[in-house]
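Please consult the sequence and structure shown here while reading.

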Amino acid sequence: MGTKADIFGAALLDFINDEYTEDIVVHSSIAEDDVIPVPYLFRDFKEMPLLEQKALSLSKGKTLDIGSGAGSHSLWLQEQGIDVTGIDISEGAVTLSRKRGLKNSIHEAILDHKGTYDTLLLLMNGTGIFEKVQKIDSYLKHLKSLLSPEGQILIDGSDIAYMFEDEDGGFWVDTHRDYYGEVTYSMSYKGVQGDTFDWLYLDYAKLEWYAKKNELKCELIFEGDHYDYLARLSLT
C-alpha cells in the first residue's frame, strides 16, 4: 500500500513552483464533476467573499484556523498582529503555508489536536469537517474542549436543500443517507485520484440544534446570497 495521495498539497505546491497547468477536479455523490481553480486558493483579503471577510474581522486573540489550506486566511490574520496557527491534514498545504510565511502551521487532524484558543475558525463550508450528522456531537465536544472561557467558534455552512428540488417544487432525497447534506467527495489532479471522503453541508437550524445539545450558544452572524451563512458558537 502506498501513502495517501495529497491532491490538495500537490496542486498548491505546483502553483507556487510555477508548475500550475490545470485545476483540481472534484467528484461528488450529488453533482457532476466540478473544479477548484488553484489560483483562487491564493486569494487576498479583498478577493475573499464578504462572509470570509466578516469571519476574519471577528477573529480575536489566540486563533486556530482549522483546515487552513494554502494559508490565505491565516496569513491575513498574522498581518493584523493576531497570534494564529493553521492546522491541516494536507502535509503539502502545511509546507506551502510555511513557505508563504505563516509562522505557525501544524500537520495534524483536528480531533488529535490539543490546546486552548480564543477563536476557532472553520471556513469554506466549515461544517464539512464534521463528515456526517452522526459525528457532529463528537466534533463539537472536541472543539468545545479547545475554547478558552470567553472563546468563540466561527463556522460557515450551506443549506443545499435547493439541489434536491424538482421543477414542481417537490423535494427528493437519497434515502441511503441520514441527512440530505451528507456528501461523498473525491478529488483528482494531473491524473492522480485521491481517496473518497465524507463532507457535511449543514443547514443553520440543524447546526443551532446540535450546538444547544452540546451546551453551546449559537448566533447567526451573516447570511450570504446563496444559502450560505456564518455562525458564532460560544460557551453558554
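This is a predicted model: local features need pLDDT of at least 70, side-chain atom pairs count only at pLDDT 80 or more; totals for chains, interfaces and linings use all residues.

Helix α2 itself spans residues 50-58, and its buried residues are Leu-51, Glu-52, Gln-53, Ala-55 and Leu-56.

**Packing of α2 against α3**

Two packed helices are described by the angle between their axes and by the distance between those axes. For α2 and α3, the angle is about 40 degrees and the axes lie 10 Å apart. The two helices are therefore oblique to each other, and the crossing of α2 and α3 is right-handed.

On the side of α2, the contact is made by Glu-52, Leu-56 and Ser-57; α3 contributes His-73, Trp-76 and Leu-77. Sorted by class, the residues in this contact comprise three nonpolar, two polar and one charged. Glu-52 and Leu-56 take part in the contact with α3 and also belong to the buried residues of α2.

**Tyr-180 in its loop**

Tyr-180 is located in the loop that lies between β7 and β8 (182-189). Its relative accessible area is 17%, under the 20% limit, and Tyr-180 therefore counts as buried.

The side chain of Tyr-180 forms a polar contact with the side chain of Asp-159, at 2.6 Å. Between Tyr-180 and Glu-131 the separation is 49 residues in sequence and 13 Å in space, taken from C-alpha to C-alpha.

Terms used:
Residues are numbered from 1 along each chain as its sequence is written. Side-chain values use heavy atoms; hydrogens and water are left out. Buried means under 20% relative accessible area, exposed over 50%, partly exposed in between (1.4 Å probe, protein chains only). Helices (H or I, at least four residues) and strands (E, at least two) are DSSP runs, numbered from the N terminus. Axes are lines fitted to C-alpha atoms, for helices over the stretch in contact, and angles run from 0 to 180 degrees between N-to-C directions. Angles under 35 degrees count as roughly parallel, over 145 as roughly antiparallel, 65 to 115 as roughly perpendicular and the rest as oblique. A crossing is left-handed if the near helix is turned anticlockwise from the far one by less than a right angle, and right-handed if clockwise. Contact means heavy atoms within 4.5 Å. Ala, Val, Leu, Ile, Met, Phe, Trp, Tyr, Cys and Pro count as nonpolar, Asp, Glu, Lys and Arg as charged, and the others, Gly among them, as polar. A polar contact is a pair of N or O atoms within 3.5 Å; within protein, one must be able to donate a hydrogen and the other to accept it, and residues adjacent in sequence count only if both atoms are side-chain atoms.
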